[in-house]
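Dear colleague,

Please find the structure below, handed over for your study. My findings follow directly after it.

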2 protein chains.
Amino acid sequence: MTYNAPKNAIQYLLTHVADMKTLQAHPTHQDLSDELVGDILNGALAFAKDVLAPINRAGDENGATLKDDVVTAAPGFKEAYKAYCESGWQGLSAPTEIGGMGLPQVLSIAVNEMLYSANMAFGLCPMLTASSMNAIHAHASDELKNKYLEKMVAGEWSGGMNLTEPQAGSDLGVLRAKATPNGDGTYAISGQKIFITWGDHDCVENIIHLVLARTPDAPSGSRGISLFLVPKIFVNDDGSLGKANSLKAIGLEHKLGIHGSPTCVMEFDGATGWLVGPENRGLACMFTMMNEARLFVGVQGVAIGERAYQGALNYANDRVQGRVIDTRAQTPIIGHPDIRRMLMDMKTSLMGARAINFATANAGDIAKCTSDDDARKAFHAREALLTPIAKAYGSDIGVTTASTGLQIHGGMGFIEETGAAQHYRDARIAPIYEGTNGIQAIDLVGRKVRRDNGEAMKALIADLETIVKSANGNTELDMVVNGLNTGIAVLKQATDTILAAEEKDALAGACAYLDLCGDVVSAGLLLKSVVGGIEADDAYAKTMKILLDYHALTILPRAASRLPQIIAGATPIYDFPVNQLEDL
Amino acid sequence: MTYNAPKNAIQYLLTHVADMKTLQAHPTHQDLSDELVGDILNGALAFAKDVLAPINRAGDENGATLKDDVVTAAPGFKEAYKAYCESGWQGLSAPTEIGGMGLPQVLSIAVNEMLYSANMAFGLCPMLTASSMNAIHAHASDELKNKYLEKMVAGEWSGGMNLTEPQAGSDLGVLRAKATPNGDGTYAISGQKIFITWGDHDCVENIIHLVLARTPDAPSGSRGISLFLVPKIFVNDDGSLGKANSLKAIGLEHKLGIHGSPTCVMEFDGATGWLVGPENRGLACMFTMMNEARLFVGVQGVAIGERAYQGALNYANDRVQGRVIDTRAQTPIIGHPDIRRMLMDMKTSLMGARAINFATANAGDIAKCTSDDDARKAFHAREALLTPIAKAYGSDIGVTTASTGLQIHGGMGFIEETGAAQHYRDARIAPIYEGTNGIQAIDLVGRKVRRDNGEAMKALIADLETIVKSANGNTELDMVVNGLNTGIAVLKQATDTILAAEEKDALAGACAYLDLCGDVVSAGLLLKSVVGGIEADDAYAKTMKILLDYHALTILPRAASRLPQIIAGATPIYDFPVNQLEDL
C-alpha cells in the first residue's frame, strides 16, 4: 500500500495542458524557476509517500474519536500534521501579502493531488484551512485578517466551514442558526451544524470556524444569511490564546469512508463571532471559495483513483493466476487481456480528468496574472465553466476507477486488509460534498452556460476546434481527430439544445450534458498535450498519444450516446407516474 | 429501511418474459396453478419483509463471530433461519424425487430476488445449500444421496462449497488440497480453503461440505481434481449425528460488505470424505452447479439494486429540500428533475437486468420440460449463453444502482445509519464471486459464442428480430424498434468480429461484448413483454412501455459506443508499454 506520485504524467500535463512556461514568464511568477517547480513536486512526492501514505490505513481502521468533548485525530495524524506545517505546505498558493508563497493554483493542484492520493482524510484538514483562509482574506476586516491569517497560513491554526444543518443541505436558504448582536460589535452565535469536516481535532491549538447564521431581523431565505468568524479559542490582542469560546463537537458521524477525517456535529451555544463581509451577504462570501473547494474535490477523485490504480497495478504484477494464451505459461494476472484492459480504462480516464483539473486551475491562474481586462474576464469565465465539470467528472471517475481497482484484486479486493476497499469507500464522498454532482450539473447548465447565453462554452468549443486544427496533417492522430470532430459536433448540438430549452428540460439533461462535456473536453486537452509534446520533442508524448488513442476508442464514443437524453428533456423522466414508482 | 417486493413488476415479467403460462400448461408443472404462484410470491414477500429485512442492518453492524472454533451467526439470523426452514423455502425448486417441490427455476429466481433484497448476507446460506444439494443429487452415489439430501432439502443441514485456496482462485487447476485413500472407500482430506461462504455457523446441526482435492497420483492441473463430500459431523447409518469430523473454521474474513455472511478460512486436517462423481472429474461436477450459482449472483445484483432503489425512493419522497422550478414551492427532492432522472436510471436498468435473469431461468425450465431433443438442446444452449450475461450485467447494475441510490441520499448516504452505504458495500461482491465478471466475459466469448461457431448467439439474435417484427405496426413503439434495430445490427457486427478474431483479440473485447449483449438483450426482452402485455390487455404494459422508452433513450444508445473496442481487439490494450504503466 505504498504510493508513488505519477510525477512524469503530472509534469507533462503541467507543461502541455497548463502551460507553466507562460505562467513562469509572467512577472507575478518570475521567481518560479523550473528548478523550484521540480523541488516542490519532489518535496510533495516525498512527503506524500513517506509521511502521509503510511498512516492512511491506520486512519481508516481507527478513525478519529470523540471523548469528553475533545476530538482526538487518528493515530499518527497529529505528528504528520506537525510535519506538514513545518514543511510550509499550507502556504503554497496563499497570497504573498498574507505570508503565502503565492504560487499558481495549478501547482497547488498538482501538490494536493499527491497528498490526497496518499491520505485523502488527512488532506481535508489543509483544504478546509485554505478555504477558510481565502474567505477571510477576501471578505473580513483588516483587524480579523491581522489577528488570524498569519497562523492559518502557517497551518498552526486550522479552519472550519460551518454551513450545513439537518434541514439545510443543498438548500442553505433554510438554515436556522442565529447570530444575535452583543452590542459590542460581536454576535452571539447559536445553533447546530452538521457534517463539519475537521470541525474539531487535537492537531492544532485553535480552530477558526466560519459559520453561516441569521441576524435577528434578517430576511428569510438565502438573502438573510451572514458569515461569521468564530474561533474555538479566543485570541488576545497580543496574539496569545485566551479562554475557550462556547462551541464544541457533540458528535462524530459514523461514515462509509474517510474515517481519518472527523466529521463533526458542532454545537454553537452563544459563541462569540465576528461578522465577515456585509450582513446578509454570507452566502455570496462563502461561494467565493466554494468554487476553489469544488475544484479540489475533482482533484480528490483523480487522487483516489490514482491510488487505486497503483494498488491494482501492483497486485496485477504480483498475483500469479492462470496462464497466458500463447504459451500456456503461468502468469501474473496482468498477462490477461481483461486485466490489462481494466488498467488502461483506469489510467486513461484518470489522465483525462487530471487534464481538466489542470486546465481549470490554469484558467484561474492566468486570470489572476493578466493585465488585460477582456482576457481576465474570459479566463475567469473559463475557470467558472470548467469548475463544475472538474468537480463532477473527476469525482465520478474517482468512484468508477476505485471500483475497477477493487475488481482487479478479485476476491482479495473485498477483504479490507488489501486496501482496495478503502479507496472504494473513500472515493464515494467526492460526488456528494461541496455540492452534489447533480448540483454541479445544474450549476453548469444554469449559471455557466445559459446565463451568458453560451458565450463561455462557445469559446471553449472554439478552443477545442483550434486544437483539432493544430493536429490536422499528422495522420497518426487521425483517429482522435475524427473522434473529436464528432464529439465537438455533439457538444455543439447539445449546447444549442440546452440554450433553447425550457428550464425543466435543460435540468433533466444536465447530468448527461456535464458527462458529455467531460468526455469531449478531456479528449481535447489530451490532444493539445500530445500536439504540444510532439512539437517540443517531449519523450512522453508517445505514451500520452497511446492513452489518447485509447480514449478515442473507449471514452469519446460515449459522448454521442448521451445526446438523446439531452434532446428529450424532462418528458421521459416525468412520464412514469410518480405514485407508481414503487412498483410497476 | 423496510422492504417491499415489486410484486407487480415480478409478476409481469414472469408472465410476459418467462411465459409462465406455457410452463404451467406442461405436465411437469400441472399442479402449478395461478393461485399457487400467487401464494408463493405473497409468502416470499411477507417472509422477506417481516423476517429477513428487519435483521439486515444488525447483520451488517455485528456480523458473524468466531470464538473457540465456533462461528456464531449475526443477531437474529439463527431464528430467521429456523423460520426459513419451517416455511419450506429451501426445497422450492429442488426435484420432487428428493423431497423438493420441483417448481420452475424462474419462480425460485423470483422468490430469491425478494430474499436477497431483504437480506443478501442471509440468502447466501440457502444458496450454498441448494448448490451443494444439486451437486450431490447429480453426481453422488445413492448411498450418499440417501444419507444427506433429505435433511438438506429441508434446510436442516446446510451446504458448503470449498473450492478456493490462497494460490488457487480463478485458476482452480493449481489447487493443492489432498485426498488420501483410507483403504475403506473413504478419503482423508487435508488442506486449507479460503473464502468459504457460510463455511461454519450455528444455525444448523450439520454442514455438508463439498471439497475439491487431489488424490495421490492425480494428474497435475485441472484434470487431477476430485470432488468430495465432507460432513462437519458424521452421520450414523440411522441418520443420527455422530462425532465431529476433523475440520474447522480457523478464521473469518474482515470484508467490505455482506458482514452477516461468515466468510471462513476452513482447515481440513485429515477429515474423512466420500468421493462424489468419478475421480479426477471434480471440476466438471462442480461446474454443473456453478452455472446455477452464477445466475443467482445476477439475481443478487438486481436484488441489492432494488433495495437501494426503494431506499432512495423513500428518501426522495421524504426529504424536503429546495424548491420546484415552476412554483418555487418547497418540495421533497423527488420534485427535482435530476433526482427523478436518477430514480428512472435505477428502475430501468434493474428491470432490464431482471428480464435477463428471468429469461435465463426460463430457458433452463423449458429445457427440463420439453420432450423434443432439438428443443432441449437449443434451450440448454440459450440458458448457457445467457448465464454469464445475467451474472455480469446484473451484478454490475447492482453496483451502479447502489451507488446511484447512495447519491440520491446526498450527505446522508455517506452516513452508515441511513443504510444506503450498506447496499453500496454489499453489492460490490457480486461482480467478483462465482467467477469475476471478467471470467464471465471470457466464458461468454469463448465457451458460449466461439465454441459453437455463434450458433446459440445467432438463434438469440433471430429471436430478437422476431420480437422487433412483432412490434412493427405499433407506431408508439417506433423509437424502441429503431433503437433495437440499430442495437441488433451492432450485436451482429460485434458477433461476427468475435467469431473471426484471434483469441487474444476476442478476449480483449470480451467485457465490452458482454455489456453490449446486456444492453441489447434487455431491451429486446422488455419489448417482448410490452408487446405481449398490450396483446393481453395487461394494465401494467403501459408503465412498462414508459420504462422501455427510457431504456431506448439512455441504455440502448450505449450499445454502439462499445463496438470500437470490440473491433480494435488487443492492440490498443497492449500498446502502452507494460513497464511504463506506473507513470507515463
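Apart from its neighbours within four places in sequence, Pro231(B) is in contact with Asn206(B), Ile208(B) and Asn245(B); two residues are in contact if their C-beta atoms, placed from the backbone, lie within 7 Å. Pro231(B) belongs to strand S7 (residues 226–231) of chain B. Helices (H or I, at least four residues) and strands (E, at least two) are DSSP runs, numbered from the N terminus. Pro231(B) counts as buried because 24 C-beta neighbours lie inside 10 Å. A residue is called buried if 20 or more other C-beta atoms lie within 10 Å of its own, exposed if 12 or fewer, and partly exposed in between, with C-beta atoms placed from the backbone. Between the C-alpha atoms of Pro231(B) and Ser246(B), which are 15 residues apart along the chain, the separation is 9.4 Å.

Please note that this is a predicted model, in which local features need pLDDT of at least 70 and side-chain atom pairs count only at pLDDT 80 or more, while totals for chains, interfaces and linings use all residues. Residues are numbered from 1 along each chain as its sequence is written, and chains are lettered from A and ligands numbered from 1 in the order in which they are written.

A contrasting residue is Ala329(B), found in the loop between strand S12 (320–323) and strand S13 (330–332) of chain B. Ala329(B) is exposed, because 8 other C-beta atoms lie within 10 Å. Neighbours within four places in sequence aside, Ala329(B) is in contact with Arg323(B) and Val324(B).

Helix H16 (residues 510–535) of chain B has 26 residues and reaches 37 Å from its first C-alpha to its last, close to the 38 Å expected at 1.5 Å a residue. The expected span of a helix is 1.5 Å times one less than its number of residues. H16(B) is mostly covered, with 23 of its 26 residues buried. Just after H16(B), Asp537(B) takes a positive phi of about 55°.

Within helix H16 of chain B lies Asp515(B), which is buried, with 22 other C-beta atoms within 10 Å. Neighbours within four places in sequence aside, Asp515(B) is in contact with Tyr393(B) and Arg562(B). Asp515(B) and Tyr393(B) are 122 residues apart in sequence, yet 6.5 Å apart in space, C-alpha to C-alpha.

The other helix is H14 (residues 478–500) of chain B, whose 23 residues should span 33 Å at 1.5 Å a residue; its end C-alpha atoms are 33 Å apart, which agrees. Among the buried residues of H14(B) are Val480(B), Leu484(B), Gly487(B), Leu491(B), Ala494(B) and Ile498(B). An α-helix has 3.6 residues a turn, so residues three or four places apart point the same way.

Turning to chain A as a whole, there are 20 helices and 13 strands in it. A compact globule of 584 residues would have a radius of gyration near 25 Å, and chain A has 24 Å, which agrees. The radius of gyration is taken over C-alpha atoms, and the globule rule is 2.2 Å times the number of residues to the power 0.38. The C-alpha trace of chain A spans about 75 × 65 × 55 Å along its principal axes. Of the 584 residues of chain A, 61% count as buried.

Chain A is divided into domain 1 (7–137), domain 2 (159–281) and domain 3 (448–572), with bounds that come from an automatic or database domain assignment. The contact between domain 1 of chain A and domain 2 of chain A takes 27 residues from domain 1 and 23 residues from domain 2. On the domain 1 side, H6(A) gives the most, with 13 residues.

Finally, how do the two chains relate? A rotation of 180° with 0.0 Å of shift along its axis superposes chain A on chain B (RMSD 0.0 Å). The two copies are thus related as by a two-fold rotation axis. Copies are superposed by least squares on the C-alpha atoms of residues with pLDDT of at least 70 in both. The contact takes 81 residues from chain A and 81 residues from chain B, and 100% of the contact residues of chain A recur in chain B. Helix H17 (residues 541–554) of chain A supplies the largest share of the chain A side, 8 residues.

Yours sincerely
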